[in-house]
Structures are given as C-alpha cells and as structure tokens.
Amino acid sequence: MKSDSGHRRSHHRDKPEDTQGLRTMPGWTGHRPSPGGHATGPVGNGSARKRPPHPGAAAEAVALSLIALLAGVVWWTVTTDPSAEWVSPVGTLAAWALFVPAALVARRIPGRHAAAVVLLGSLLVGAAAIAAPPATSNDSARYAWDGIIQKAGISPYAHVPADDALRPLRPAWLFQDAGPDGTCHTNPFPTGTETSTNIPSGGTLCTAINRPTVPTVYPAVAELYFLAVRLIPRSEVGFIAFQLTGLLLSLSITVALLAFLRRTGRPAHQAVWWAWSPLVAFEAINGAHVDTLGAALALAAALLLVGGRALGSGIAFGAAVATKLIPAISAPALLYRRPVRFVAAAVATFTVAYVPYVLASGWAVLGYLPEYLRSEGYDGQDSPRFTLLKLVLPASWAGPAALVLLLGLAYYVWRTTNATRPWDGQVLMVGGTLLIVSPSYPWYALLLLPFVVLSRRYEFTAIAPVLAMMYFTGAEPYGQLTARLGLGAVAVLLVVATVARRRPQQATT
C-alpha cells in the first residue's frame, strides 16, 4: 500500500530507514515519510510537502467550465429575439463547438465522480434550455392543443384547430384575434405565427399551431402523452409544461444510460454524448419534441431484449412506434431473439393504443399522415429529401432507389446483429436512414443518440448538426448546397471511422 507521498510504507518500523539508499533512487527529493505515513518535507527542514494536483480534478474543472459556457450559449440562443433568423444557426454551431471538446475532456474525469458530473452538466444545460419558449419549432403548440381538447373529451382526429366549434377551448397563448388591419402582425407568437383564412367563419385565424386547418398527424401513444402532460395544468399554462416533461424524459434517458454503463463496467463519461448534447438541449427540452419519448421507449426495448425479456421489449417497441413512426426503422436489429413473440407484443401494443381513438373517430385516426408524407417531399421530387441520391440519380428515381437501399441495409443489419449488442445494428440502421432520406428535421436524430452511446460510434453524432443546418437554411438559395456539403462530409467521416475501427481488429486476427 502506498502513502500519499508515493513512497511504500515499511512494515518493519523498528528497522532503520536507509535514507542514503533512498537518495540514490530516481525522483528522491529528500522527503522522508513520517511515522503516520505523511510526508514531512526535506530532512531537518520540517516543512510540509504539497500534494501535486490530481489530473482528474483539472479535467473536472475544465469539463464543467465548458458545460457552463455551453449552458450560456443555449440560454442566449433560446432567449434572444426569435425574429432574428441568424441567432439559431449561430447559437447551434457555437453549442456544438463547445460540446465536442467538453465530451472529449470528460474522458479524463475520475470514475468515482463521472456520473455526478454527467448529471450536473445535464441539469445545467437543461435549465438553460427551458428559459424561454421553443426557439426553432412550434410543434409543441399542436401537442398542447391536442391535449387540451382531449381533456375536454374531444378526439384530436375529429376536429381541426381552426374549427369554430372549439373556440371556447382556445387559450390566448395559442390563439389570438386578428388585428384591426385583419392581419396577425399585432401580437405575434414567440414560436411563430400561423395565419389562416381558410376557416368556416370566413375570418382570419392567428395561431401558434402549424397547419391549423388539418387534423393531427400524431399516432395514438403520442396523443395519450399529450393528454397526460396537459391533464393537470390549467389551460393558461403555456409551453413550459411540455418543456419540463422533456427535461424529465431526457434525464430519465441519461439515468438509464448511466445505469447500463455501470452494470456493464463501462465508464460513465460515455453518457455525455446524450446528456450534454446540444441536440437534446434544443430539441428534446426547449423544443419539447415528442421524439424524446419515442427514443426513450426504443432504448427500453433494446435494453429489455438484451436482458432476455422479449415480451416487455415488444411492448416498449410497439409503444415507441405508436409515439412516432420513426422508431420502426430500428426494428431489424431487434428480430434476433424470439421474433414472433416480440412482433406479436409490438403489434398488440400498437393496436390497443389506437382502440379508444378508432371508437371515437373511425378511419379519421389516419389524420393528416398520408398528405403529410406527400407535402414533405417523400415522393422524391423537388425537396431536400434524398439529397445524396439526387447527386447521382434523377429526382424521380431517388425515392425508389432509397427504398431499395434501406431494404438492403435492413437485411444486412438483421443478418449481422450481435445478440449482446443490437445497438450496433440500430445505430447503423437509424444513421443510414437519416443519411439516405435526409429529412431536414434535426429532432429526428434524437432516436439515434442513445444508440450512439451504447455502440460507442460517436462519429454518427455528426448527423445531428448537419440536419440542424439543413433545417435553418432549407428556404435559402444556398440551402441545397449546405445539405450536399454537410451530408457528404458526414458520409466521408463515417467511412473513414469505419475503416479506422476495422484496422485494429484485422491486426489482431
């Protein structure tokens, strides 16, 4: 056993110390251990020797300093006037520029402190993210409206927000009357104002809800979630209800990742790729996107399946798909253990969630989904979808080509999945889908991040800031160029990282 001064204690204290021999040892500074095992300073001096600072303490200080700066950038981004369109892209890039070195420095944090530092950083960034209403998306306005009308016993699939019959339920933070000039410029909403004249009364509707003249697009479990969040708060409670819930969900995912890392003997600092991510701050917490719930359920499905609980995994996965359809793309990596039981549980969960809505609204539960897919450009025509494929194929071929590639990728993942590490296939499947389809919504990448942590394929994180820049620049003349350069750079990064990972494996075989 070594003392704090680095010298080995003697087990025979009645034996004289060979200080002459010690002086000839490398690194001897003239300090001798005291009977209590503490350094006393140079012989005959009696002054105390100062203990050198532990390198891990410096890493903690640097990491927390970077996280404090990151929290400051997040706070500035979400609280600055949202009408200044340059704020969000600049703030997002600055946040990622701070996050990457913070995540790298976190690797040097001592293991006994790492989990606490991860959680503290997550809380700091999360607190900054809820300092203002959503800065880049008004999706949570629709969440709130769907929850409010369900609380009143009305199906969100049966009525559109612009329906005058629902006027008594409209809170002022979601709806405003048009100004004297008949426009919506008088009292703009912080998340953006939607103006609609296509309403039964023939007037002008000013609302924070996007697409107010169409029914909801969200699946059944998402609608149950919206109801649950709005069940207790009064109607005048605004976006903060979903933002706080988003913070709790993101912290729950962090805790689940930390628990898994500890159980498997892996370092806790790996969880920062979710816990401190600017994507989580801006989209899961400030934007309060329901994709966070889908990511949490998909993560639960993977962890339960690895633990041998196929039934519970199927239930969690079915709920994830009934929250947002996107988690369905992670399925191929989960079909290796009792697939019939898993699929049956998932389908049953999905179906049961829809039962009350089908009874209330019939086939209207399809909502706006079919038209949404067409309006978002998934037919392969003029849209940012399939950006990389359009570099080498005609636009009309991009959609079918993407389908073929995704089916091939799904087959490869299904055949090569490691039963103890399905997330290796999931990160490849989800990341590959985002690259091939190239949706310009960064919150779609929330599903990817937990699997990035589990698989340690951190290079896939680069997809998130590229999707964010596509979102901010999509309507600009240089938007298509931004998408091509960003996605192309990510594709090159993934190839280089894959080759670099395989070389050590080949050298050991």
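Q: Which residues does Leu174 touch, not counting residues up to four places away in sequence?
A: This is a predicted model, where local features need pLDDT of at least 70, side-chain atom pairs count only at pLDDT 80 or more, and totals for chains, interfaces and linings use all residues. Residues are numbered from 1 along each chain as its sequence is written, and side-chain values use heavy atoms, with hydrogens and water left out. Contact means heavy atoms within 4.5 Å. On that basis Leu174 touches Ala141, Ala144, Trp145, Ile148, Phe189, Cys206, Thr207, Ala208 and Ile209.

Q: Which residues have the most contacts inside the largest nonpolar core?
A: A nonpolar core is a set of buried Ala, Val, Leu, Ile, Met, Phe, Trp, Tyr and Cys residues joined through side-chain atoms within 4.5 Å. Buried means under 20% relative accessible area, exposed over 50%, partly exposed in between (1.4 Å probe, protein chains only). The largest such core has 120 residues, and those with the most contacts inside it are Leu174, Trp274 and Trp276.

Q: Which cysteine does the disulfide join to Cys184?
A: A disulfide is a pair of cysteine sulfur atoms within 2.5 Å. The structure holds one disulfide. With an S to S distance of 1.9 Å, the partner of Cys184 is Cys206.

Q: Is the disulfide of Cys184 and Cys206 left-handed or right-handed?
A: Both Cys184 and Cys206 are buried. The torsion about their S-S bond is about -85°, so the disulfide is left-handed.
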